[in-house]
Amino acid sequence: MMKNLKNYIRGTLTAVILLLVFVMGCSDLSGGGGCSGTQAQGWSGFAAYQKDICFGSMEGRVIALNPQARSDNKTFPADTEWVYIIKTSAPGAACGALCTPSASAAGQGIYGTPAVVGDLIYVGTYTGKIYALNASRGVVRWIYPREALDSVGAIVGSIVTDNQSLFFASSNGKVYCLDAATGDYKWEYQTSNKIWITPTLDNGILYLGNYGGEVFALAADTGRPVWNVQVPSAVASSIAVDGDVLYFGTFDSYLHAVDKATGQEKWKYQGGNWFWAKPVVKDGKIYAACLDSKLYALDTSGNELWKYVADSPLVSTPAIAGTAIYLVGDKGMLYKVDIQSGAEITRTPVGYTVFSNPYVDGDMVYVYARDHNVYAVDMARGVVVWKFSSYLK
Amino acid sequence: MIDIWNVAILDPLLNGLIALSQVLYKNFGLAIIVLTIAVRLILIPLTFRQTQSTKAMQELQPKLQELQKKYARDQKKLQQEMMRLYKEAGINPLGCMWPLLIQMPIWIALYQSIIQALAATPENLLALSQHLYQWDMVGQAIPLNEEFLGLKLSQPDPTLILALLVGATMWVQQKMVTAPATDPRQQQMSSMTTLMMPMMFAFFTLSFPSGLALYWVVSNIVGIIIQYITGGGWGYFKFPSLRPQPQAAPAAPQKSAQETKALKEGSDKKKG
């Protein structure tokens with residue numbers, strides 16, 4: 001009996017060792033993030049509500065921070081601060097036969113920057129839910145879909161609003177419209193492939209692109225398609241609008257300029273990698289951050305005006321404030337660049353990978369880094385003034 | 001070290017896989033199958049050498065056991081005698097290991113390529129951007145079409161079909177190459193190993209992306225075919241008989257093991 005048991009243990013150990021050797025191959029040799037890939041954690045940016053800044057954390061929480069309270073090093077939550085913990089009950093986007101919702105490979109990530117309308121703040125999650133919270137207290141007003149286990153598919157882009165309605169897109173390839181006050185369903189539009197970008201709303205028209213390379217315009221009030229064009233590659237970035245032209249990046253490393261009324265291409269410009277971040281347009285100039293670590297400044301004909309070379313890929317959408325443009329490299333370096341010449345004004349390290357969009361308020365820049373910390377950086381002095389961990393033990 | 005790995009092995013394989021999917025009408029499942037078969041075919045000489053070495057080592061087992069019994073108290077002498085035996089038989093004891101060691105990085109790279117190419121999460125997709133070549137063909141294939149035969153390749157198979165296929169094919173492949181040991185303890189251990197591995201892989205299939213499980217199944221099937229051709233049949237794998245087996249006597253397992261050993265020694269003498 002003992003002999004059998006010993007043999008059983010020995011056999012099992014051998015099998016486990018062999019398996020470990022094999023599985024090690026897909027662990028971290030190339031930084032790929034394991035056999036099932038990296039968990040979906042999210043990279044929410046910040047939305048302002050009165051004196052607070054609100055964001056969705058990588059642990060599935062919506063947090064309102066008061067910069068003054070953080071600067072004074074008060075115990076969280078202080079003054080107007082709050083936290084809302086999202087209970088994961090939706091099945092998520094990538095859950096196998098062995099997954100339980102709480103252990104889902106889908107993670108609890110929040111990718112989109114929250115949207116604020118009146119006293120409500122809206123957040124979409126990777127588990128496929130929209131939460132409307134009271135922006136001053138963090139109390140839930142409504143959740144869509146209503147049933148706990150229902151999901152609209154993983155939401156990666158942000159929510160946009162015209163104050164009456166909310167618009168968002170999902171991994172199931174649908175664009176949704178909800179009533180902003182009640183969360184009631186208004187319409188949906190099915191496309192042929194998943195959408196991981198934020199819809200762009202301009203004069204009652206929504207502009208989107210999907211991973212099937214479809215770019216389309218929808219009437220915001222009905223969801224009726226206005227036009228639809230096919231581009232050679234999937235759409236990587238959200239769409240920027242300026243005058244009569246739309247600008248967006250695709251996975252074949254091009255930045256496209258298309259006619260807003262018809263979707264017909266005007267010109268395209270090739271970068272060294274994907275234009276993943278939404279282009280920013282100001283005063284007739286297009287600023288496009290690229291994963292080749294460069295920020296390109298182009299004129300409206302697609303001619304390069306200047307380019308700024310950062311130290312690492314530019315994942316997040318730059319922010320323009322005054323005469324400067326603020327960038328974050330994915331290795332955690334913040335750059336302040338002159339918008340006219342492309343000359344670097346200053347740079348400050350936060351010391352950790354950042355994928356989220358920077359939020360600029362005067363000289364202060366806020367970023368949410370992959371170490372789960374919010375960093376408040378004074379760009380004038382080049383120092384991190386405070387940091388806040390979203391772990392909230 | 002990571003950079004060398006990426007530039008020399010992972011990136012070429014990853015980009016090749018993605019370009020292949022574009023050629024195969026944006027069908028990534030088909031690309032996994034074709035590339036797995038191609039890689040296994042390229043590695044046939046190594047697989048063949050490994051099989052031959054393993055077979056030779058297995059044939060030498062009875063003599064090795066004899067030596068182990070004979071020199072149980074003199075390890076130095078045992079080592080010398082074992083080396084002499086290997087030399088006489090013209091076998092390098094590590095001969096069955098090095099083809100495996102050469103193949104391992106390729107398997108690992110293929111394994112990683114599938115995971116990275118599928119990019120199940122936004123973070124994975126971002127990571128993928130740093131591995132891709134500036135080929136139009138690659139750029140136009142991204143993100144890959146993950147639908148294949150009703151499966152979503154970046155997500156686990158919600159049914160048990162792939163898990164069963166992975167387990168069954170792996171078990172058959174292992175049975176074909178695992179010789180029945182003469183020692184009942186070893187026999188028990190090896191049958192436990194041949195059972196545990198497929199069971200564990202089947203278990204992992206339930207939570208790994210089904211693209212990876214597809215690779216396992218195809219790799220196992222190709223392995224079985226190669227083994228069938230190079231080994232001249234089903235090897236040590238025996239199909240379960242439908243006829244009722246005669247009941248064994250209580251002392252049968254020990255006796256039959258001894259008999260097997262005696263028969264083996266007899267046949268070795270004849271060969272000598």
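Reader: How many residues of domain 1 of chain B are in contact with domain 2 of chain B, and what makes a pair count as a contact?

Author: In this predicted model, 20 residues of domain 1 of chain B are in contact with 17 residues of domain 2 of chain B. A pair counts because the two C-beta atoms, placed from the backbone, lie within 7 Å. The domain assignment puts domain 1 at 1–146 and domain 2 at 156–237, and the domain centres, taken over C-alpha atoms, are separated by 16 Å.

Reader: Which elements build the side of domain 1 of chain B that touches domain 2 of chain B?

Author: Two or more residues each come from α2 (28–42), α3 (44–70) and α5 (98–118) of chain B. The largest share, 9 residues, is given by α3(B). By residue type, that side of domain 1 divides into 11 nonpolar, 8 polar and 1 charged.

Reader: Why is helix α6 of chain B called largely enclosed?

Author: Happy to set the value against the cut-off. A residue is buried if 20 or more other C-beta atoms lie within 10 Å of its own. In the helix at residues 122–129 of chain B, 6 of the 8 residues are buried, so α6 is largely enclosed by the rest of the structure. The buried ones are P122(B), E123(B), N124(B), L125(B), L128(B) and S129(B).

Reader: What makes β6 and β7 of chain A a pair of strands?

Author: Two strands pair if DSSP finds at least two bridges between them. Strand β6 (residues 120–124) and strand β7 (residues 130–134) of chain A are joined by 5 bridges, so they pair, and they run antiparallel.

Reader: Why are β5 and β8 of chain A called edge strands?

Author: The open sheet has 4 strands in the order β5-β6-β7-β8 (chain A), with antiparallel pairing. Both β5 (115–117) and β8 (140–144) of chain A pair on one side only, and that is the mark of an edge strand. Neighbouring strands in this sheet are turned by 20° against each other on average, direction ignored.

Reader: Which residues have the most contacts inside the largest nonpolar core?

Author: They are L327(A), V367(A) and V166(B), in a core of 159 residues. Domain 1 and domain 2 of chain B each give this core at least three residues. Leaving aside neighbours within four places in sequence, L327(A) is in contact with A289(A), L295(A), A310(A), L314(A), P318(A), Y335(A) and V337(A). As a general pattern, nonpolar side chains tend to be buried together in soluble globular proteins.

Definitions and conventions. Residues are numbered from 1 along each chain as its sequence is written. Chains are lettered from A and ligands numbered from 1 in the order in which they are written. This is a predicted model: local features need pLDDT of at least 70, side-chain atom pairs count only at pLDDT 80 or more; totals for chains, interfaces and linings use all residues. Domain bounds come from an automatic or database domain assignment. Ala, Val, Leu, Ile, Met, Phe, Trp, Tyr, Cys and Pro count as nonpolar, Asp, Glu, Lys and Arg as charged, and the others, Gly among them, as polar. Axes are lines fitted to C-alpha atoms, for helices over the stretch in contact, and angles run from 0 to 180 degrees between N-to-C directions. A nonpolar core is a set of buried Ala, Val, Leu, Ile, Met, Phe, Trp, Tyr and Cys residues joined through C-beta atoms within 7 Å. A residue is buried if 20 or more other C-beta atoms lie within 10 Å of its own, exposed if 12 or fewer, and partly exposed in between; C-beta atoms are placed from the backbone.
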